[in-house]
Amino acid sequence: MTLPLNSNEHQTLLNNRTLLVVDDEEPIRRVLGYLLTSHGYTVEFAGDARDARQKLKTQPFALMLCDVNMPGESGMDLVRNVLAEYPNTAAIMVTGLDSSVLANAAIEVGAFGYIVKPFETNEVLINIANALRRRRLELENRFHRESLEDIVRTRTIALQHALDWLERSEKELRLSREETIQRLAIAAEFRDSATAQHIQRMSHYCELLARKIGLSPERCELIRTASPMHDIGKIGTPDQILLKPGKFTEEEFDVISQHAEIGYKILSGSDSELLKVAATIAWTHHERYDGTGYPRGLKGEDIPIEGRIVSIADAFDALTTQRVYKPAFEISHAIELMLKNRGKHFDPELLDIFVASADELTRIHDQYADRPVPDPTQEA
Ligand SMILES: [Fe+2]
């Protein structure tokens, strides 16, 4: 690929008035030399193709006047090769034979003009002036195109950098938002000894079920990210109730039940789609399909789909992990227990789809198994 030239180099090329006269006859070279230098051109001479190639290597020429018939390589071949190798040099053929076939062949190889010997002074000067004007136009056109290509290339790179930066920032923001949510959720859950793994399992069970029932990828992602906040309202539950071993009294149960509404109040009122979904989940994850849940006793499909999903995932996680009041049940046993509540506690269709994914549930359960919490009072 030819690198684009800067504007100084463009001007040097455009203003070049150095010509190369290639002819095996010395008198012709002399006449042309005199004529051209007296009209302001700088002229170099070559007696044959080989000599011409040597001269071309030493400096740039604006134009080559080339005899057709020379000993050794023909002028026609020389012009063809030179035009390919030196695209900034124009060429005019000079011949003793006035032939339309030869003239066409000269144009065909890329020559800008064709002069028949013996030539008139004006004929030579006009041919050269025309050839140089055409060369100038072609060069200006090429510089303009290269400059445009350069601008497009530079702007494409800048745009790509900006897009990369945006993508990185967006990813960083998303991760940081997700981590903040998880840490807040862990903080709320930490008081009743739920673990960070509970949050992760929950969100993956929810995402799995959302995906299996055919919700859009965006909705699945929202549910995965929002579900860890389902119990955030527990920060409003007094310790003596939240941490009480054994059964709750009716009054205590009323207090603990308020965590759904407290969570909703904390999360609602935002324009963020994520917080809207989180508020819905907090408010409805203890509703039951048969209408016996809380806080509003919603029934069936009046319970938002997000609440029905989290209700299933939350119960499944509670059954399959160890709690102070119970051991961890086998997944098959947990599914058995949940199926007994099909259509009562849980949405029957969602539950069927959930339990049909036992392999994937097992994988999530094992991947995010509870790990012992490090004791901060012990030195490392
Ligand atoms: Fe809850």
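Guide: Let's start with a term: a salt bridge is a side-chain nitrogen of Lys or Arg within 4 Å of a carboxyl oxygen of Asp or Glu.

Visitor: How many salt bridges does that rule give here?

Guide: The count comes to 23 salt bridges. This is a predicted model, where local features need pLDDT of at least 70 and side-chain atom pairs count only at pLDDT 80 or more, while totals for chains, interfaces and linings use all residues. Residues are numbered from 1 along each chain as its sequence is written, and side-chain values use heavy atoms, with hydrogens and water left out.

Visitor: What does Glu178 pair with?

Guide: Glu178 forms a salt bridge with Arg224, with the closest N and O atoms 3.1 Å apart. Glu178 lies in helix α6 and Arg224 in helix α8 (residues 217-226), so the pair ties together parts 46 residues apart in sequence. Helices here are DSSP runs of H or I, at least four residues, numbered from the N terminus.

Visitor: Is Glu178 buried or exposed?

Guide: Buried, at 13% relative accessibility; the term means under 20% relative accessible area, with exposed over 50% and partly exposed in between (1.4 Å probe, protein chains only). Arg224 counts as buried too, at 15%.

Visitor: Switching topic, what about Asp150 and Arg153?

Guide: Their side chains meet in a salt bridge, 3.5 Å from N to O. Asp150 and Arg153 are three residues apart in helix α6 (residues 121-190), so about one helical turn separates them. Asp150 is partly exposed at 32%, and Arg153 is partly exposed at 36%.

Visitor: Which residues are linked in a network?

Guide: Asp23, Glu25, Asp67 and Lys117 are linked by salt bridges in a network.

Methods
Helix = DSSP H or I, 4+ residues; strand = E, 2+ residues; numbered from the N terminus.
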